[in-house]
Amino acid sequence: MTLIVAENISHLVEEHYLLLETHFGGRPGHTTTDAVHYLVYKIKDTWRRDKVVSILFLNVEGAFSNVVTKQLIHNLHCRHIPEVYVKLIQNLLTNRKTVLKFDNFVSELININNGIGQGDPLSMILYIIYNAGLLELVDKDNDEDALGYVAILAIGNDLDNTTDKLSEIMNGRDGGLNWSRTHNSKFEISKSVIMHATRARSDDNEYPGGHPQLELDGQLVEEVESFKYLGIHVDNKLR
């Protein structure tokens, strides 16, 4: 049953353009390979325009297991998912219990208040809808972009400009950190990184004291020259 519902919701999402085209993963025609190709395209297009791009690769802690049912239902309503499906999903995620079992020990019944069943046919499309708002924080008219498997891109004339944009996207009043709190989806800042793609610019001359730093929730984000994104090593010069 859940497989049929998942397929029907996926069809509605694509037919009515309910998600950003850059929300890759778990959707027909939006594969992980597409995500990598799009990222490379965006970097090269930025260089053709003689600009620079900074990419924030975010790590979300315990994604599926931390989904808040009430927030998920709200998001489904916002995407105009038919009420019959919303009610079904709400029923599936209500009054759930589990036990812990290891060796000869079996716990008492434990109430499950959050999370969606990872591995269930519905889990992927539900989580895509759940975190869609994070990707929609960017302003594409302001040279900002976002990809599923979350990568936030900011394009500008220099790295001060791009870092400021990323900071506003994440630290602003209704930014990424606020989304994190309302969706019980904590960012692991220690596992998140920023990569500046500047092509052949002389960073030593332009930034003698080092690149500008990005701070999230009081922590500095580590800067890297390359990052393994969806199994592919991408470096800041696309070598």
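This is a short talk on strand S6 and the sheet it belongs to.

Okay, quick heads-up before we start: what you're looking at is a predicted model.

Let's begin with the sheet. At the edges you'll find S6 and strand S11, residues 222-223, each pairing on one side only. Two helices pack on this sheet. One is helix H2, residues 32-48, which touches S1, S6, S7 and S8. Its direction makes about 150° with that of S1. Then there's helix H7, residues 159-171, touching S1, S6, S7 and S8 as well. For H7, the angle is about 140° with the direction of S7.

Now zoom in on S6, which covers residues 144-147.

What does S6 pair with? As a reminder, strands in a sheet pair through backbone hydrogen bonds, parallel or antiparallel. Here the partner is S7, residues 151-156, and the two run antiparallel over four bridges. If you want to follow along residue by residue, Ala146 bridges to Ile152, and Leu147 bridges to Ala151.

Last stop, the turn. The hairpin of S6 and S7 has three residues between the strands. One to click on there is Tyr149, which takes a positive phi near 60°.

That's my tour, thanks.

Definitions and conventions. Residues numbered from 1 in each chain as written. Predicted model: local features only at pLDDT ≥ 70, side-chain atom pairs only at ≥ 80, totals over all residues. Heavy atoms only, no water. Buried < 20%, exposed > 50% of the residue type's maximum accessible area, 1.4 Å probe, protein only. Pairing = 2+ DSSP bridges. Contact = heavy atoms within 4.5 Å. Axes fitted to C-alpha atoms, helices over the stretch in contact; angles between N-to-C directions.
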